[in-house]
Amino acid sequence: MTVRIAGDGTLHLDGLCGSEEAEALLARLIATPGATVDWQGCTGAHTAVVQVLLALRPKLRGVPASAFLARHVAPLLNRPPAGGAARLEA
Amino acid sequence: MNEFIEQFLIEARELVAQGTADLLAAEERPRDAAAIDGAFRAFHTLKGSAGIIDFAAMARALHAAEDALSQVRSGAVPLTGELIGRCLTCLDQVVRWLDAIEATGEPPTDAEPAAGAMIALFAQGDSAAPPAAGPIAAGAREAAPAAFESWLERCLATASASKARCALAYTPAEDAFFRGEDPLATVEALPGLLALDLVLDAASPAPEEIDPFRCRLTLFIASSEPRSQLAPVFAGLSGAVEWRDLAPPAADPGEAAPDAATLLIEAQIALLRGPRDGGFEGRRASALHAAWQVLRASGRALEADALERLAASGATPERLAETLSGMLAGAPAASAAAAPAPPPEPVIADIGARSLRVDVERVDALVRLTGEFTVLKTQAAHHARLAAAPAGSGEAARELAARELAARLKSHHEALERLVGELQHAVLGLRVLPLRHVFQRLPRLVRDMSEALGKPIRLVSEGEETQADKAIVEALFEPLLHILRNAADHGIEPAAARAAAGKPETGIVVVRARRVEDRLAIDIEDDGAGIDTARLRARAAARGLATPDALAALSEEEALELIFAPGFSTRDEVTGYSGRGVGMDAVRVALARLGGRVSVHSRPGEGTRLALSLPVSILKSDVLSVEAGGQVLGLPLEAVVETVRLPRSAISRIGAARAFVWRARTVPLINLSQSMGLAPAPSPAPAPAGEGEALVVITRLDGQYGGLEVERLGARMEVMLRPLEGLLAGLPCLGTTLLGDGRVLIVLDLEALQP
């Protein structure tokens with residue numbers, strides 16, 4: 001469960017991050033823009049959490065423990081923002 | 001088979017017939033709510049019955065069709081010919097299952113793949129069909145296509161693209177999280193996930209204004225599993241899913257190289273498109289057979305069957321080649337959906353109905369007769385006692401007793417004769433069926449033919465309530481089928497030609513039945529191009545059936561009769577696996593076996609009419625018994641003209657055959673015992689024909705006279721024939737009966753005896 005702040009200001013996502021974590025994560029990222037998110041201990045993340053990462057694009061450190069996240073979600077989040085997560089044209 | 005299953009089969013077959021009729025009616029009259037309702041109810045009830053006998057696979061397959069029909073009923077989806085075709089295909093599968101149950105007594109255990117194929121058949125369709133309830137993310141949905149397409153393109157360019165069977169764009173509802181849904185978890189659980197992309201909707205709020213619990217995502221997914229496997233996962237989830245079915249990989253990995261299958265099919269296509277020379281028919285047949293085998297071996301049984309039916313319906317080689325190319329290009333779902341085109345094999349069981357619906361009055365009449373027979377039986381016992389113990393003694397008393405007994409026996413016999421007549425009548429009445437039984441199978445077949453040939457054709461039937469013996473009604477199916485095929489194939493012109501000729505584009509074939517005295521008259525009339533007798537004469541000449549001069553000398557009516565000539569068939573339809581020999585000669589023979597006749601009438605440019613005449617019941621016949629080769633044989637009396645004694649000197653040899661002159665005609669002579677393969681009687685006891693004489697029965701069939709040499713003549717009899725069944729069914733006999741002395745009398749089918 002959890003979004004944990006390490007001593008050096010890194011946000012750690014550990015274990016299974018449920019939908020309720022999304023709000024906390026969002027608040028943290030707003031409070032500390034530029035913070036790195038370390039998700040190596042993340043064994044699962046609810047869509048709401050991933051959506052926050054997708055919207056704010058913080059720097060990510062490490063490969064998440066969850067194979068699904070590592071294989072399918074990480075590449076999307078690690079793309080350079082400019083070419084970016086494809087956005088649907090309005 | 002237990003009674004429960006028997007009942008299930010009876011009712012299921014009726015439901016299939018009802019459902020078919022309703023589907024076709026709905027196609028004719030799309031606004032007719034009753035027809036669609038009827039079809040829906042038929043599927044619904046069939047589904048329920050399948051559930052009761054624990055046949056889950058069939059229930060699931062029917063459910064898929066029922067769902068589709070329910071959508072039509074509610075107006076959500078328009079009724080298309082394609083949908084009707086799919087429902088009909090589903091019913092075909094149901095009939096195959098019913099046949100399997102009939103054969104084994106229980107539901108088949110290997111029905112899953114076929115059920116899966118049916119479900120897949122209904123699952124494809126508009127790729128934009130929304131599968132689940134829930135609000136649609138409007139903006140995202142409309143904009144999705146462009147982004148989706150470009151992602152799909154990039155995706156398919158990658159190495160794993162060849163495995164992809166389907167792709168989808170999944171946009172959950174905005175409040176998906178509040179519903180407890182986790183879209184990513186859903187995707188994680190999908191089988192065969194190949195590629196994923198996540199896109200946010202176009203709005204880009206500032207971080208502080210983001211609502212973390214509002215779902216703004218669309219997920220693009222590519223999977224190696226087909227849509228049918230994935231769709232159920234999304235049932236019950238909110239939002240919208242846009243599907244793309246992708247070309248499948250060729251055959252199973254690990255099986256024989258898929259390329260080999262492709263190459264083989266390509267080779268068959270080339271053969272089908274090859275030059276139409278003398279050997280073409282043979283190559284066509286073997287090309288089809290090979291293609292069929294390859295498709296089956298590649299696990300594409302649905303397509304193999306579709307190909308087979310297309311070929312059996314008489315599609316042109318070009319059409320077959322096209323269909324095969326389509327299958328190769330890997331639109332298996334599309335060609336399976338095109339399957340409605342061809343007519344089914346006699347999947348609609350050729351095994352006659354094993355049960356009859358009977359009016360209660362008829363059964364009551366039989367009960368009454370039983371009572372009267374019982375009375376006669378008691379009388380007979382009385383007579384027997386009288387005969388055994390004559391009253392009084394002395395020559396005169398005995399003679400008187402004998403005369404009295406004779407009188408009683410005579411009146412007893414008369415009473416029996418009357419009762420037997422009534423019994424025959426009553427029993428025959430039980431076996432009577434309305435022609436509806438066979439007529440109701442025709443519209444579906446005509447529809448399939450119409451699609452296979454690409455010509456719009458409508459079938460109109462009249463007089464379906466006309467009744468005839470069950471055996472006749474059931475035996476009519478094949479001949480009617482052939483006649484309808486000919487009408488569709490050769491009679492009715494393509495729509496364009498009809499329009500040019502000032503006819504309505506849709507060809508009409510009318511099947512009309514009525515009772516004329518003690519015979520059944522059935523007309524099949526089309527408003528097509530009529531029969532071109534010039535072509536008939538040319539073809540007959542080409543097949544060596546007669547000299548060109550003889551052919552030219554035929555009148556128009558006689559030339560029309562050429563279509564009945566053996567070996568005349570205008571199209572070679574023996575495909576090896578369908579194995580049907582056709583031609584109007586087969587129709588004539590089949591009808592003759594029932595005691596029927598067929599004649600043809602045609603008006604060039606206006607149409608053709610085939611007139612069938614059949615007995616209403618086949619069981620009672622007048623027979624002349626004869627002896628040949630030590631056997632008693634029966635000859636149908638209607639074929640017998642005369643019996644004569646010929647001096648042997650009057651018989652001439654012509655080559656290996658013999659003939660004689662009778663009433664200024666030359667008549668061929670056949671020795672009956674020889675032609676039946678019977679040993680000649682060792683020594684005819686009281687020389688029936690004197691040393692120098694032959695006993696000859698002169699027969700007449702279809703205007704041809706013949707002579708049958710026999711050893712002895714017997715009596716004329718009226719008999720009730722039992723048709724030969726099982727192993728004996730192939731013999732040239734109309735049936736058998738028992739003689740008074742217990743011997744079996746075989747009644748010959750003289751047509752079949754002709755050399």
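Reader: What makes residues of helix α3 of chain A count as buried?

Author: In this predicted model, local features need pLDDT of at least 70 and side-chain atom pairs count only at pLDDT 80 or more, whereas totals for chains, interfaces and linings use all residues. Residues are numbered from 1 along each chain as its sequence is written, and chains are lettered from A and ligands numbered from 1 in the order in which they are written. A residue is buried if 20 or more other C-beta atoms, placed from the backbone, lie within 10 Å of its own, exposed if 12 or fewer, and partly exposed in between. In α3(A), residues 67–77, the buried residues are Leu69(A), His72(A), Val73(A) and Leu77(A). Helices (H or I, at least four residues) and strands (E, at least two) are DSSP runs, numbered from the N terminus.

Reader: How do you know that these buried residues line one face of the helix?

Author: The arc is taken from the directions from the helix axis to the C-beta atoms. The buried residues of α3(A) fall within an arc of 125 degrees, so they line one face. In general, an α-helix has 3.6 residues a turn, so residues three or four places apart point the same way. Ala67(A) and Pro75(A) are exposed, on the face of α3(A) turned away from its buried side.

Reader: Against what do the buried residues of α3(A) pack?

Author: They pack against β5 (42–45), α2 (47–56) and β6 (59–61) of chain A, together with β2 of chain B.

Reader: How many residues of chain B are in contact with chain A?

Author: Two residues are in contact if their C-beta atoms, placed from the backbone, lie within 7 Å. By that rule, 27 residues of chain B touch 23 residues of chain A. Helix α6(B) supplies the largest share of that side of chain B, six residues.

Reader: What makes β8(B) and β9(B) a pair?

Author: Eight bridges join β8(B) to β9(B) (residues 519–526), and the two run antiparallel. Asp523(B) in β9(B) is the bridge partner of Arg512(B). The two strands form a hairpin with two residues between them, and Glu517(B) in the turn has a positive phi of about 55 degrees.

Technical notes:
Pairing = 2+ DSSP bridges.
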